[in-house]
Every structure is written in C-alpha cells, then in structure tokens.
Number of protein chains: 2
Amino acid sequence: MDIKNEMISMAKRAKRASKELAGLSTSAKNSILRNMARGLSKGKKGILKANERDVELAKKKGLSRALIDRLTLTPSRIENMTKSLREVASLPDPVGRIMKTTRRPNGLVIKKVRVPIGVIAMIYEARPNVTVEASALALKSGNAVILKGGSEAQSSNLAIVKILEETKGLPEDAIQLIKTTSRQAVRELLRLDDYIDLVIPRGGEGLIRTVRRESTIPVIAHAKGLCHIYVDRDADLNMAEEIVYNAKVQRPGVCNALETLLVHKSIARRFLPRMIERLEGAGVEVRGCPKTKRIAPGINEAREIDWQTEYLDLILSIKIVNSLKEALDHISRYGSNHSEAIITENKKAAERFLKEVDASAVFVNASTRLHDGGEFGLGAEIGISTQKLHARGPMGLEELTTYKYLVYGDGQVRE
Amino acid sequence: MDIKNEMISMAKRAKRASKELAGLSTSAKNSILRNMARGLSKGKKGILKANERDVELAKKKGLSRALIDRLTLTPSRIENMTKSLREVASLPDPVGRIMKTTRRPNGLVIKKVRVPIGVIAMIYEARPNVTVEASALALKSGNAVILKGGSEAQSSNLAIVKILEETKGLPEDAIQLIKTTSRQAVRELLRLDDYIDLVIPRGGEGLIRTVRRESTIPVIAHAKGLCHIYVDRDADLNMAEEIVYNAKVQRPGVCNALETLLVHKSIARRFLPRMIERLEGAGVEVRGCPKTKRIAPGINEAREIDWQTEYLDLILSIKIVNSLKEALDHISRYGSNHSEAIITENKKAAERFLKEVDASAVFVNASTRLHDGGEFGLGAEIGISTQKLHARGPMGLEELTTYKYLVYGDGQVRE
C-alpha cells in the first residue's frame with residue numbers, strides 16, 4: 001500500500017512537471033542540458049565512488065563480465081555522458097513544429113503540430129549512461145521522465161540523478177528515479193495510465209514480456225535483435241566479408257549485431273572458408289548447418305535452438321540456403337523484425353528482399369550495425385523500437401513527441 | 001481450448017493474408033473495393049433480412065431506442081455503405097509512399113517508406129456500417145482485419161462479411177469475422193501478439209478498460225469524448241450560440257458532441273437566457289451550476305457526477321467560470337483529451353487555450369462536431385483515437401500504416 005501511494009504521488013508530480021516542461025523554450029531547455037553537463041563533470045568523483053560500490057557488489061554476486069563491463073564507469077565514460085548532453089542540446093527541437101497546415105473549403109484552418117507526449121516511464125537494465133541519455137532526450141522533447149534502472153546500478157543512478165535534478169532551471173520533478181528496488185514498484189507504476197503516457201522497457205525478453213502483460217499504459221518495447229545477413233549468389237564476396245565481420249565482431253553485445261549468417265549454396269564454397277577463418281581469428285565461435293559443416297568440418301553443429309538465439313556474444317550460426325526464397329523464409333520464421341541485410345549486386349534480388357522482409361530497417365550492402373539514430377542522422381536516440389506502432393527503429397527526439405490539431409475557425413459548424 | 005485454437009488459427013491465417021495484401025497494387029485494391037460495393041448492392045435483400053432478425057431480438061431484449069436506431073439498416077443506409085466503399089477507393093494509397101530520403105556522409109541512402117501495419121483486430125459495438133468501413137480502410141491500407149462486432153448485430157455482420165469475403169480478387173482471410181459471441185474469444189485474441197499487430201477497441205469505457213487490461217497487443221483506444229466549449233468574455237455571442245447549438249443538438253450520440261458548456265461570468269447574463277431557451281426548444285435538458293441556476297431558475301442543478309458524464313444524449317451541463325484559467329482547470333480535470341473549443345475574438349485568449357489544452361483537437365470559434373476525418377480532409381476514418389501514441393484524432397488510411405527504413409549501401413560498415 002505504501003509503495004502504491006508512493007508511485008501514485010511520483011506519477012502525479014511527473015504529470016504536473018510535464019505541463020511546465022511543455023511550455024519551456026528551446027533555449028531554456030538547451031541551457032539546462034549544458035548545465036547538466038557541467039554538473040556531471042563537477043560531480044565526477046562522487047559518481048565514480050558510487051559506481052565502485054555497485055561494481056563491488058556485482059562482483060560479489062558473481063554477475064557476468066559483460067554486465068560488469070556495462071556497469072563500470074570511468075572518467076572517460078562520464079566525459080562521454082557530458083558530451084551526449086551537449087549533443088542533445090545542439091539538436092533541433094521538435095516541439096511546436098508544424099507538421100501540416102490544411103485549409104478546408106469551409107475556411108477552417110487546421111494545423112497539426114508536434115507536442116510532447118507527457119510523462120514517460122523508462123525501465124532499463126544495468127547501464128548508468130542510459131540514465132543520462134534518457135533524461136536528456138526526455139527533457140529536450142518536453143517530457144517528464146520516471147526512471148527505473150537496473151538494481152545493480154542503483155548507487156550510480158542515485159548519484160547521477162541527484163546531480164541532474166539539482167540543475168538550475170530544471171522544473172521540479174521533471175526527472176525522477178524510483179529509489180526502491182522492490183518489484184512491486186514497477187507493477188504499480190504500470191497501472192497508472194491516468195498519469196503516465198508511455199512506458200519504454202529496454203532489456204531482455206523477460207522484462208519486455210512482463211511489462212507488456214502488466215501494463216495498462218501504452219508500451220514501446222526495445223526488445224531483442226536477432227539479425228541476419230544473407231550473402232546472395234550475386235554478392236561481391238569481398239564486400240560481404242567486410243560487412244559480416246563488422247556486423248559480428250565490432251560490438252557483439254548489442255541488438256543490431258549479426259547472429260545468423262545465411263549463404264547462398266552457389267557461392268558457399270568460395271566464401272565460407274576464408275570468412276570462417278577470419279571470424280575464428282577474432283575469437284568467434286562458429287556453428288553451422290550440416291552443409292556448412294561439410295565445408296568447414298572443424299566447427300560445431302548449429303541446432304534448432306541456435307536459429308532462435310540472440311547470442312549477444314562472439315558466436316555466429318551459419319546456414320547455407322538454396323535460394324533467396326529460403327533465406328526470406330528463414331528470416332520470416334526466426335527474425336525479430338529488427339535489422340536484416342542482403343549482400344548482392346543483383347538489383348532485383350535486393351528489391352525483393354527490401355520489400356518482403358518485415359523489419360524496422362532492411363539493408364542492402366551495408367552492416368546491420370548501422371541501424372542507429374546517430375548513423376541515420378536523427379541525432380541521439382533513446383533506443384531502437386522493435387515494434388511497429390508510433391515509433392519503429394531509432395527513437396530520437398521526434399519519436400518522443402506526439403501531435404495535436406489546432407483548428408482555427410470563424411463560426412464553422414457541422415452541416 | 002477449442003476457442004483458443006480457433007482464434008490462433010484465425011490469427012495465423014490473417015497474418016498469412018497480410019503478406020499478400022502488402023503486395024497488392026493500388027489499382028487491384030481499388031477494384032476490389034468497387035466490387036465490394038456492387039456486391040453489397042446486389043445482396044441488399046439478404047442483409048436487410050438478417051438485420052430484421054437482429055432488430056427483432058434487440059426489441060425483445062428491451063435494448064435502448066438509441067441502440068436499436070444505430071443497429072437498424074435501411075436500403076438507404078446500405079446505399080451509404082456502398083458509397084463509403086467507393087470513397088475509400090478514390091482516396092490516395094499511403095502504402096509505398098516515401099516519407100523521407102536521407103543521404104549520409106558515408107554514402108548510405110536511407111528511405112523511410114510507409115508500409116501496412118499487418119494484422120488489425122477491430123472490436124466494436126452495434127453499428128453494422130463499421131463492419132464495412134473498417135474492412136474498406138484496412139484493405140486499402142494493405143492490412144488484414146479481424147472483426148468482432150457487437151453481438152446485437154451478429155446476423156447483420158455475418159451477412160455483410162459473407163458478401164465482402166467472397167469479393168473477386170480479395171486475398172483469402174483478408175477480412176475475417178469472429179463468429180462466436182463467447183467473451184472468451186476476445187480474451188484469447190488479445191494475447192496473440194505473435195500474429196496481431198494492433199487492436200482497435202471502439203466503444204464504451206468498460207470495453208476499453210477490459211481491452212487495455214487484457215491485451216498484450218498494442219491498443220489504440222477509441223474511447224469517450226467528454227467535450228467542452230468555453231464561451232469567453234470576448235466571444236461573439238451570436239457565433240457562440242450557433243456553435244453551441246450545433247455541437248449539442250446536431251447529433252448528440254457521438255463522441256465529438258458537446259457535453260459541458262463553460263461560460264465566462266461577465267457575459268453569462270447576456271448569453272445564457274437565450275441560449276438555454278433555444279436548447280430547451282430543441283428538447284435539451286439543461287443542468288446548471290448554482291450561478292447558472294440564478295440566471296435560469298427553472299433548470300435542474302448540475303452535480304459533481306454531471307461534470308464527469310459523457311451524456312451522449314440531449315442533456316447539457318453548464319458552469320459559469322470566473323476566468324479563462326478556471327475554464328482551463330475544469331477542462332484539465334474533467335476533459336477526456338478529445339475535442340475542446342473556445343469561442344473568443346481575443347487572440348491571446350485563443351492562443352493560450354490552444355497551447356494549454358491537452359486534447360487531440362482544440363478548436364477556436366468552431367464546433368467540436370468538426371473533429372472528423374472527412375471534415376479534416378483525411379478522407380474516411382476508422383474512428384477517432386483518444387490516445388497520444390501512434391495516431392491521435394481521426395484515424396484515416398495513413399494512420400493505419402507504419403514505416404520501415406530501406407537502407408542502400410555499397411559496403412558501409414560501422415566505424
């Protein structure tokens with residue numbers, strides 16, 4: 001009961017703050033963002049100290065190295081946070097932009113204008129930098145934000161939010177962090193559709209499923225990316241090699257990294273041996289279908305579970321297919337509608353792939369790793385939406401707004 | 001268990017159909033729509049007969065006159081259905097439209113294009129014309145649709161859908177009607193997020209609440225409209241009278257009709273007597289706050305519950321306010337974020353009202369009844385969304401699509 005009331009009070013205060021935020025000028029928001037950057041720089045020591053406590057506890061608990069790496073802050077990582085705050089300050093403000101003006105035969109003038117969404121609840125896992133980025137994007141787009149970070153990063157997040165919320169000019173309650181680590185808090189939060197307009201869960205499948213099931217508030221999930229690259233019979237094999245290597249190796253722990261490689265049978269013998277050698281040289285464990293194993297007998301066999309797995313690690317499954325159709329069917333069955341790529345010089349094959357693959361971004365002759373707000377020219381992003389509604393793909397400032405219709409009349413009524 | 005499997009099979013078939021629909025040309029879709037119109041004209045007799053059964057049963061059950069009116073079909077109402085099919089055929093096709101093309105410094109070309117959402121489940125109440133309109137809009141925007149109409153209209157809907165689904169050229173399973181009236185069917189449907197991309201509930205608060213609570217699929221609610229008109233101190237009182245009369249009387253049973261009138265105290269004595277007289281002349285029951293009652297002692301008193309009620313009937317509550325601020329506070333507290341209007345000649349007051357009211361459409365000097373896809377120039381609409389995400393306000397063809405990014409490279413990787 002106490003937690004419930006605490007959440008209601010938090011959500012009400014966020015709603016109140018959201019009205020003030022909606023009225024802030026662009027220059028006021030930018031100056032707050034730059035003040036936040038200064039605040040973080042100044043408070044670096046305290047943040048690092050808090051972070052040490054989190055890291056120590058995580059090590060004691062025996063959490064994975066990958067998680068501890070994402071959790072750990074360094075002076076240069078804090079510098080990057082301040083940089084991202086300044087970057088968001090330099091991006092154009094979507095709020096107030098007129099999307100369309102219509103003049104109707106009866107003289108009515110209808111303007112469709114961008115407005116903030118209102119109150120956004122962001123539920124995420126261990127990375128403390130998300131605390132800063134989500135706060136910055138919410139503020140710039142005129143939204144209040146309620147943050148629920150992973151419990152492993154709780155001390156770091158507390159230290160960061162304390163600095164952010166004390167920033168000069170920031171409306172009270174514009175940025176709030178849920179301080180309890182009780183799971184009941186999130187459950188209560190997800191029912192407060194009177195006050196909260198949007199929930200963004202960003203994390204593993206379990207988190208997303210829970211939020212989807214429990215929430216009565218609209219959800220924009222940032223879920224898994226089980227991404228494929230299909231190397232077509234008409235591919236430039238050198239290009240294919242560079243792209244596959246980049247998509248798997250450059251940063252394997254993220255959602256737009258490659259998980260399954262599909263290769264047309266007619267080029268498999270020419271392409272795979274040196275591709276596999278290069279991947280193994282970078283520490284990648286390769287698992288292949290029976291046909292792939294005939295070409296590279298030393299590798300492990302890929303099983304049904306491999307086609308379904310987002311490794312987020314230096315592991316790659318490879319399947320040889322008989323046709324573009326078979327590649328499309330495999331992607332339709334196992335893909336997560338996130339990022340899919342074809343490598344081909346054949347325009348027809350490319351167009352068919354672009355048309356038939358149902359994913360937020362479909363690539364021809366480019367790495368899936370390029371599916372990113374910065375790379376797409378949207379500026380910073382709060383994450384990559386894996387659903388179809390409202391926002392799909394990189395979610396930048398514009399995607400954190402909605403619209404309203406302003407209708408100017410001089411006495412018009414409905415006939 | 002049987003119903004569950006039936007729903008899964010229906011949803012799977014819809015998903016399969018959606019792939020075919022996404023590939024249909026505009027002219028193919030338009031010709032199907034025109035064939036549907038011919039089919040309905042030809043099948044008029046059968047539809048009217050089926051409808052008679054529904055109406056008889058509804059009368060036996062003692063359902064309200066308003067409901068029976070919405071349920072009843074006549075030859076001219078069927079003619080209107082065929083007209084709406086032809087209208088949708090004449091609207092521009094949003095699918096495939098390029099929303100934005102970006103060329104990045106690394107040579108990547110990124111196209112953001114409109115694509116269908118996929119599979120849409122539409123849950124609605126007694127009106128059989130919604131069956132036709134939802135089918136038409138879904139088809140034109142390339143989506144498969146699963147329809148769940150009110151059980152009172154079941155015979156009519158069965159007759160209509162039988163004709164629609166037999167239309168020449170329509171992909172199999174593109175339009176499916178849930179034939180059982182069991183509530184379990186809807187409950188099962190709302191969990192099928194693997195196959196269904198969007199649920200649109202259109203109806204009363206109970207329906208919307210249930211769908212929001214039960215659904216793991218994204219929901220775009222078409223819920224209530226508790227709409228206000230504020231007559232400012234600087235209003236043109238003749239204009240105010242015409243607009244208020246239109247918004248309350250022209251069609252009281254719909255979501256954009258007026259429910260509460262707010263009047264500035266300084267013009268109340270001049271404005272209200274003749275306004276109330278005219279409304280009462282049209283059969284409107286007027287309920288007023290104590291100050292209103294002092295001006296018009298004959299009316300009933302408005303209680304707290306009145307400010308919260310969407311009458312959908314010839315009833316109007318009136319409150320006299322001391323200021324624009326008090327009007328804004330009342331709307332913020334009781335409004336449903338649907339349609340709100342101010343009548344004023346004062347530009348500053350208008351701008352403040354437009355800015356501060358959080359509704360999908362905010363009107364100056366025009367009737368709330370104009371909040372409509374046709375009146376806004378969007379063509380037909382599937383309804384008026386009362387939420388902020390994805391689509392807000394009239395939901396036409398464009399709002400029934402999403403987008404995907406097509407990325408054209410020549411070997412780009414992530415640095």
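Chain A can be laid on chain B by a turn of 180° and a shift of 0.0 Å along the axis, with an RMSD of 0.0 Å. The two copies are thus related as by a two-fold rotation axis. The model is a predicted one. Of the residues of chain A, H390(A) comes closest to the rotation axis, with its C-alpha at 1.8 Å.

The contact between the chains was examined next. Here 50 residues of chain A are in contact with 50 residues of chain B. Four elements of chain A each supply at least two residues of the side that touches chain B: α9 (205-214), α10 (237-249), β13 (361-366) and β16 (401-412). Strand β16(A) gives the most, with 11 residues. By class, this side of chain A has 23 nonpolar, 16 polar and 11 charged residues. Of the interface residues of chain A, 100% are also interface residues in chain B, so the copies meet through the same surface.

Strand pairing also crosses from one chain to the other. Strands of a sheet pair through backbone hydrogen bonds, either parallel or antiparallel. Between the chains, β16(A) pairs with strand β13 (residues 361-366) of chain B in the parallel sense. Five bridges make up this pairing. Within it, Y405(A) stands opposite A361(B) in β13(B).

Chain A is divided into domain 1 (2-222 + 395-408) and domain 2 (227-370). The C-alpha centres of domain 1 and domain 2 of chain A lie 35 Å apart.

In chain B, an open sheet holds four strands in the order β5-β4-β3-β6, with parallel pairing. Strands β5 (175-177) and β6 (198-202) of chain B stand at the edges. Each has a single partner strand, so one side of each is left without a neighbour in the sheet. The twist averages 20° from one strand to the next. Strand β4 (residues 144-148) of chain B is joined to β5(B) by three bridges, and the two run parallel. V145(B) stands opposite I175(B) in β5(B).

Helices lie across this sheet. Helix α1 (residues 2-22) of chain B lies across β3 (119-124), β4 and β5 of chain B. Helix α1(B) runs at about 145° to β4(B). Helix α9 (residues 205-214) of chain B lies across β3 and β6 of chain B, at about 160° to β6(B).

Technical notes: Residues are numbered from 1 along each chain as its sequence is written. Chains are lettered from A and ligands numbered from 1 in the order in which they are written. This is a predicted model: local features need pLDDT of at least 70, side-chain atom pairs count only at pLDDT 80 or more; totals for chains, interfaces and linings use all residues. Domain bounds come from an automatic or database domain assignment. Two strands pair if DSSP finds at least two bridges between them. Axes are lines fitted to C-alpha atoms, for helices over the stretch in contact, and angles run from 0 to 180 degrees between N-to-C directions. Two residues are in contact if their C-beta atoms, placed from the backbone, lie within 7 Å. Ala, Val, Leu, Ile, Met, Phe, Trp, Tyr, Cys and Pro count as nonpolar, Asp, Glu, Lys and Arg as charged, and the others, Gly among them, as polar. Copies are superposed by least squares on the C-alpha atoms of residues with pLDDT of at least 70 in both.
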